[in-house]
Amino acid sequence: MQVAIKVNQEFESFKCNFGFKDQITRAAISIPSNIAEGEQRGSIKDSVRFLYIAKGSASELLTQIILARELGYLTGSDSLALEIKVREIIKMLSGLIRSRC
(Lines give C-alpha, C1' and ligand atoms only; values in the text may rest on other atoms or scores of the structure.)
Protein backbone atom coordinates (compact mmCIF):
# COMPACT_ATOMS: atom_id res chain seq x y z
CA MET A 1 0.00 0.00 0.00
CA GLN A 2 2.92 2.35 0.69
CA VAL A 3 4.01 2.21 -2.95
CA ALA A 4 0.47 2.94 -4.16
CA ILE A 5 0.29 5.94 -1.83
CA LYS A 6 3.72 7.21 -2.93
CA VAL A 7 2.92 6.87 -6.65
CA ASN A 8 -0.39 8.70 -6.18
CA GLN A 9 1.36 11.47 -4.24
CA GLU A 10 4.07 11.83 -6.90
CA PHE A 11 1.50 12.18 -9.70
CA GLU A 12 -1.23 14.04 -7.79
CA SER A 13 -0.42 17.42 -9.31
CA PHE A 14 0.71 16.00 -12.66
CA LYS A 15 -0.52 18.43 -15.31
CA CYS A 16 0.37 16.68 -18.57
CA ASN A 17 -0.16 13.27 -20.13
CA PHE A 18 -3.22 12.31 -18.13
CA GLY A 19 -3.27 8.88 -19.80
CA PHE A 20 0.13 8.07 -18.31
CA LYS A 21 -0.91 9.39 -14.91
CA ASP A 22 -4.05 7.25 -14.98
CA GLN A 23 -2.15 4.13 -16.06
CA ILE A 24 0.65 4.36 -13.48
CA THR A 25 -1.67 5.16 -10.57
CA ARG A 26 -4.07 2.35 -11.55
CA ALA A 27 -1.22 -0.17 -11.73
CA ALA A 28 0.02 0.91 -8.30
CA ILE A 29 -3.44 0.65 -6.74
CA SER A 30 -4.03 -2.72 -8.42
CA ILE A 31 -1.25 -4.45 -6.47
CA PRO A 32 -2.66 -4.25 -2.91
CA SER A 33 -6.23 -4.44 -4.23
CA ASN A 34 -5.64 -7.80 -5.91
CA ILE A 35 -3.79 -9.18 -2.89
CA ALA A 36 -6.74 -8.22 -0.67
CA GLU A 37 -9.32 -9.62 -3.07
CA GLY A 38 -7.49 -12.93 -3.41
CA GLU A 39 -7.20 -13.35 0.33
CA GLN A 40 -10.96 -12.99 0.72
CA ARG A 41 -11.85 -15.56 -1.93
CA GLY A 42 -11.62 -18.49 0.46
CA SER A 43 -9.39 -20.87 -1.48
CA ILE A 44 -5.67 -21.21 -2.04
CA LYS A 45 -6.25 -21.53 -5.79
CA ASP A 46 -8.05 -18.14 -5.94
CA SER A 47 -5.49 -16.56 -3.64
CA VAL A 48 -2.64 -17.67 -5.90
CA ARG A 49 -4.48 -16.49 -9.00
CA PHE A 50 -4.86 -13.00 -7.55
CA LEU A 51 -1.25 -12.99 -6.36
CA TYR A 52 -0.22 -13.61 -9.98
CA ILE A 53 -2.41 -10.70 -11.07
CA ALA A 54 -0.80 -8.49 -8.40
CA LYS A 55 2.65 -9.58 -9.58
CA GLY A 56 1.72 -8.67 -13.14
CA SER A 57 0.57 -5.24 -11.98
CA ALA A 58 3.84 -4.80 -10.09
CA SER A 59 5.80 -5.62 -13.24
CA GLU A 60 3.68 -3.16 -15.19
CA LEU A 61 4.29 -0.51 -12.53
CA LEU A 62 8.05 -1.15 -12.63
CA THR A 63 8.06 -0.53 -16.39
CA GLN A 64 6.03 2.66 -15.97
CA ILE A 65 8.37 3.97 -13.26
CA ILE A 66 11.32 3.49 -15.61
CA LEU A 67 9.38 5.23 -18.39
CA ALA A 68 8.46 8.07 -16.03
CA ARG A 69 12.14 8.64 -15.27
CA GLU A 70 13.12 8.51 -18.96
CA LEU A 71 10.32 10.93 -19.87
CA GLY A 72 11.34 13.32 -17.09
CA TYR A 73 8.18 12.80 -15.02
CA LEU A 74 10.16 11.49 -12.01
CA THR A 75 13.60 12.44 -10.75
CA GLY A 76 16.31 9.81 -10.74
CA SER A 77 16.27 9.48 -6.96
CA ASP A 78 12.47 9.23 -6.74
CA SER A 79 12.31 6.63 -9.50
CA LEU A 80 15.18 4.62 -8.03
CA ALA A 81 13.52 4.47 -4.61
CA LEU A 82 10.26 3.31 -6.18
CA GLU A 83 12.04 0.79 -8.42
CA ILE A 84 13.74 -0.80 -5.41
CA LYS A 85 10.45 -1.07 -3.52
CA VAL A 86 8.58 -2.52 -6.49
CA ARG A 87 11.32 -5.08 -7.15
CA GLU A 88 11.04 -6.13 -3.48
CA ILE A 89 7.27 -6.49 -3.88
CA ILE A 90 7.76 -8.70 -6.94
CA LYS A 91 10.17 -10.92 -4.99
CA MET A 92 7.80 -11.14 -2.03
CA LEU A 93 4.87 -12.03 -4.27
CA SER A 94 6.97 -14.69 -6.02
CA GLY A 95 7.89 -16.22 -2.66
CA LEU A 96 4.31 -16.15 -1.45
CA ILE A 97 3.12 -17.82 -4.66
CA ARG A 98 5.77 -20.54 -4.30
CA SER A 99 4.81 -21.17 -0.68
CA ARG A 100 1.16 -21.68 -1.64
CA CYS A 101 1.69 -23.98 -4.62
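**Exercise 1: the aromatic rings**

Phe-14 is buried, with a relative accessible area of 12%, where buried means under 20% relative accessible area, exposed over 50% and partly exposed in between (1.4 Å probe, protein chains only). This is a predicted model in which local features need pLDDT of at least 70 and side-chain atom pairs count only at pLDDT 80 or more, while totals for chains, interfaces and linings use all residues. Residues are numbered from 1 along each chain as its sequence is written, and side-chain values use heavy atoms, with hydrogens and water left out.

Task: determine how the rings of Phe-14 and Tyr-73 are arranged, and which parts the pair ties together.

Solution. Rings of Phe, Tyr and Trp (its six-membered ring) pair if their centres lie within 6.5 Å, and planes under 30 degrees apart count as stacked, over 60 as edge-to-face and the rest as tilted. The centres of Phe-14 and Tyr-73 are 4.8 Å apart and their planes stand at 80°, so the pair is edge-to-face. Phe-14 lies in the loop between helix 1 and helix 2, and Tyr-73 in the loop between helix 3 and helix 4, so the pair ties together parts 59 residues apart in sequence. Tyr-73 is partly exposed at 24% relative accessible area. Ring pairs link Phe-11, Phe-14, Phe-20 and Tyr-73 into a cluster.

**Exercise 2: contacts of Val-86**

Task: list the residues that Val-86 touches, not counting residues up to four places away in sequence.

Solution. With contact taken as heavy atoms within 4.5 Å, Val-86 touches Val-3, Ala-58, Leu-61, Leu-62 and Ile-65.

How values were computed
Helices (H or I, at least four residues) and strands (E, at least two) are DSSP runs, numbered from the N terminus.
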